[in-house]
Amino acid sequence: MARPAGVKPAPLRPESKDPARFSATPDLQHAIAEWQSWMKAERRASPHTIAAYGSDLMHFLTFLTVHRGGAAGLADLAAL
């Protein structure tokens with residue numbers, strides 16, 4: 001559906017791209033940063049797409065943190 005004329009999307013918050021906002025171990029934060037860079041450079045994804053995927057990932061990792069009692073890492077995701 002097209003956006004009505006003159007209506008602009010809300011600006012992205014700077015923290016929406018910051019891997020440190022994720023409840024994750026450093027190895028997973030690094031992997032997230034690499035993934036976001038790949039999405040931007042190789043897939044040429046919109047900043048809004050990257051922010052939306054990041055928001056979903058943030059909510060998932062927050063759930064895992066509460067469920068597991070600590071931040072998740074790459075090995076934890078592989079075990080899923």
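In these legends a residue counts as buried when its relative accessible area is under 20%, as exposed when it is over 50%, and as partly exposed in between, with a 1.4 Å probe and protein chains only. The model is predicted, so local features need a pLDDT of at least 70 and side-chain atom pairs count only at pLDDT 80 or more, while totals for chains, interfaces and linings use all residues. Residues are numbered from 1 along each chain as its sequence is written, and side-chain values use heavy atoms, with hydrogens and water left out.

**View 1. The salt bridge between R68 and D76.** A salt bridge is a side-chain nitrogen of Lys or Arg within 4 Å of a carboxyl oxygen of Asp or Glu, and by this rule the count comes to one. It joins R68 to D76, whose closest N and O atoms are 3.1 Å apart. R68 is partly exposed because its relative accessible area is 42%, and D76 is likewise classed as partly exposed because its value is 25%.

**View 2. The whole protein and its helices.** Helices (H or I, at least four residues) and strands (E, at least two) are DSSP runs, numbered from the N terminus. The protein has three helices and zero strands, which gives the pattern α-α-α when read along the sequence. Of its 80 residues, 21% count as buried. A contact means heavy atoms within 4.5 Å, and among the contacts with a separation of 6 or more, 56% are between residues 24 or more positions apart.

**View 3. The aromatic pair of W35 and Y53.** Rings of Phe, Tyr and Trp (its six-membered ring) pair if their centres lie within 6.5 Å, and planes under 30 degrees apart count as stacked, over 60 as edge-to-face and the rest as tilted. A search of the whole structure finds one aromatic pair. This pair is formed by W35 and Y53, and it is stacked, with 6.2 Å from centre to centre and 15° between the planes. It links distant parts of the chain, since W35 belongs to helix 1 and Y53 to helix 2, 18 residues apart. W35 is partly exposed because its relative accessibility is 28%, and Y53 is partly exposed because its relative accessible area is 42%.

**View 4. The surroundings of G54.** G54 has its place in helix 2, which covers residues 47–68. This glycine is buried because its relative accessible area is 0%. Leaving aside residues up to four places away in sequence, G54 touches R21 and F22. From G54 to I32 the distance in space is 8.7 Å, C-alpha to C-alpha, although the two are 22 residues apart in sequence.

**View 5. The surroundings of T65.** T65 is also found in helix 2. A polar atom of the T65 side chain lies 2.8 Å from the backbone oxygen of L61. When residues up to four places away in sequence are not counted, T65 touches S23, G70, A71 and A72.

**View 6. The loop residue R44.** R44 sits in the loop between helix 1 (26–41) and helix 2. Its phi is positive, at about 50°, although R44 is not a glycine. R44 is exposed because its relative accessible area is 73%.

Note on methods:
Polar contact = N/O pair within 3.5 Å; in protein donor to acceptor, adjacent residues only side chain to side chain.
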